[in-house]
Amino acid sequence: MPASRAAHYLLGLASRSHIYSARLPALLPCRTAPTARRFLQTQATPPTRVPEFAFAFDIDGVLVRSSDALPRAHKSLSYLQSERIPFIFLTNGGGKHEQERVDDLSKKLDIPIDTSMFVQSHTPFADMGEYKNKTVMVVGGDEDRCRVVAEKYGFKTVVTPGDILVAYPEVWPFSQQLLPYYSSFTRPLPAPINPISPSTSLKIDAIFVYNDPRDWGLDTQIIKDVLLSHNGILGTLSRKNGDATLPNKGYQQDGQPPLYFSNPDLLWAAKYHLPRLGQGGFREALEGVWSALTGGEKNGVTLQKIVMGKPHKLTYEFAEKRLIAHRGQLLKQFDGKLGHLKRVYMVGDNPESDILGGNSYESPHGTDWVSVLVQTGVYVEGTTPAHAPRQIVGDVYDAVSWAVAQERWKA
Ligand code: G3P
Ligand code: MG
């Protein structure tokens with residue numbers, strides 16, 4: 001991100017006035033049903049017409065700021081539920097299983113939510129069957145919560161950098177003071193690190209960064225060790241590293257595992273009044289170390305990786321499938337007459353992820369994704385967003401108001 005744009009973040013956070021604020025039609029109170037799905041399918045009065053539009057809501061900076069719900073989030077979403085207008089949550093956040101996050105969010109926003117309407121940064125990892133019987137490394141998140149998520153997704157052998165540190169403290173000299181912390185949740189390794197006998201030594205088949213890393217030093221060291229290894233075998237060093245006759249100067253050309261990042265966000269809106277570094281910040285730091293080690297781009301070497309999450313196409317494709325399925329479920333009484341989903345209002349606070357993603361996504365269903373930028377998160381009022389949204393509004397309530405007015409939807 002060019003320095004100038006980052007500078008904008010740091011300026012003028014104070015002034016927030018609503019650009020768009022129409023009054024929404026009178027809202028029906030939202031009762032919390034025993035199960036979200038049953039509420040979503042039965043409670044509200046049966047709809048008389050089909051909404052040809054839907055919403056995809058970002059979470060951080062739109063509905064919540066860390067643990068606090070934003071003022072008009074409940075009102076906006078319960079209105080949509082009372083009108084049976086479909087919506088999903090599409091977040092670059094993560095770190096807990098979808099069910100746990102849905103339960104948390106449902107409590108915070110006091111509305112019934114179902115996992116069928118929830119997509120977080122690492123949700124698409126659940127579909128990666130090719131690694132479920134292999135040994136994967138999971139990085140990021142609190143303690144080993146992301147390992148637990150990966151296991152719930154069906155990954156059989158999951159290793160974390162913390163497991164390696166506890167088994168071989170010398171692997172990273174600068175987290176020794178954290179050993180008691182790591183020992184409280186790490187597990188023995190499925191195999192030793194034994195470069196003398198590579199065939200029995202711990203081999204990593206894929207690296208998944210699930211959530212914002214907490215220990216950038218350790219995680220950078222371990223990821224770098226795996227990427228410079230032979231065949232992903234820890235404790236080894238590939239002879240191909242630096243071989244100018246090979247692509248990428250021989251780096252990552254020796255059976256090293258693929259490296260997946262679930263979230264590209266450099267900055268995100270947390271509780272603090274200024275945006276905080278996110279998983280993208282860790283990736284940039286790692287790329288800096290990789291460049292220093294390999295000579296970097298000026299030496300024709302890049303860090304080969306797969307970055308997912310908004311604004312990337314794969315995540316929007318995944319989310320659109322979830323939204324279409326959820327809409328079909330929610331409006332199943334219109335089966336056969338449901339018709340095409342014409343527009344999705346992508347409501348977000350981050351121009352680099354939410355707006356760029358909404359603007360650049362070309363739906364295979366011809367659905368128009370309309371990007372709406374709010375001022376309750378990363379984006380600062382009065383600055384020029386890096387990617388122009390279809391509409392800038394004050395907050396999520398204004399976003400919903402503006403969209404239903406566009407749709408001439410009268411309660
Ligand atoms: O770590 C979460 C952050 O990067 C942004 O989350 O909900 O704004 O996409 P969200
Ligand atoms: Mg956000």
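Here is a short chat about the cores, the sheet and the rings of this predicted model.

Local features need pLDDT of at least 70 and side-chain atom pairs count only at pLDDT 80 or more, while totals for chains, interfaces and linings use all residues. Residues are numbered from 1 along each chain as its sequence is written, chains are lettered from A and ligands numbered from 1 in the order written, and side-chain values use heavy atoms, with hydrogens and water left out.

Me: Which residues touch the most other members of the largest nonpolar core?
Reply: A nonpolar core is a set of buried Ala, Val, Leu, Ile, Met, Phe, Trp, Tyr and Cys residues joined through side-chain atoms within 4.5 Å. Buried means under 20% relative accessible area, exposed over 50%, and partly exposed in between (1.4 Å probe, protein chains only). Among the 48 residues of this core, the ones touching the most other members are Phe55, Phe57, Leu63 and Phe89.

Me: Which helix gives the largest share of this core?
Reply: Helices (H or I, at least four residues) and strands (E, at least two) are DSSP runs, numbered from the N terminus. The largest share is 6 residues, from residues 396–406, and that's helix H12.

Me: In what order do the strands of the open sheet run?
Reply: Two strands pair if DSSP finds at least two bridges between them. The sheet has 6 strands with parallel pairing, and its edge strands, S5 (118–119) and S15 (391–392), each pair on one side only. The order is S5-S4-S1-S13-S14-S15.

Me: Which residue in S5 stands opposite phenylalanine 89?
Reply: S4 (residues 87–90) and S5 pair in the parallel sense over 2 bridges. Across from phenylalanine 89 you'll find phenylalanine 118.

Me: Why is the pair of tryptophan 172 and phenylalanine 174 edge-to-face?
Reply: Rings of Phe, Tyr and Trp (its six-membered ring) pair if their centres lie within 6.5 Å; planes under 30 degrees apart count as stacked, over 60 as edge-to-face and the rest as tilted. Here the centres are 5.1 Å apart, and the pair is edge-to-face because the planes sit at 85°.

Me: Is phenylalanine 174 buried or exposed?
Reply: Tryptophan 172 counts as buried, at 16% relative accessibility. Phenylalanine 174 has a relative accessible area of 59%, so it's exposed.

Me: Which ring does arginine 49 lie over?
Reply: A charge sits over a ring if NZ of Lys or CZ of Arg is within 6 Å of the ring centre and within 35 degrees of the ring normal. Arginine 49 is 3.9 Å from the ring centre, over the face of tryptophan 409.
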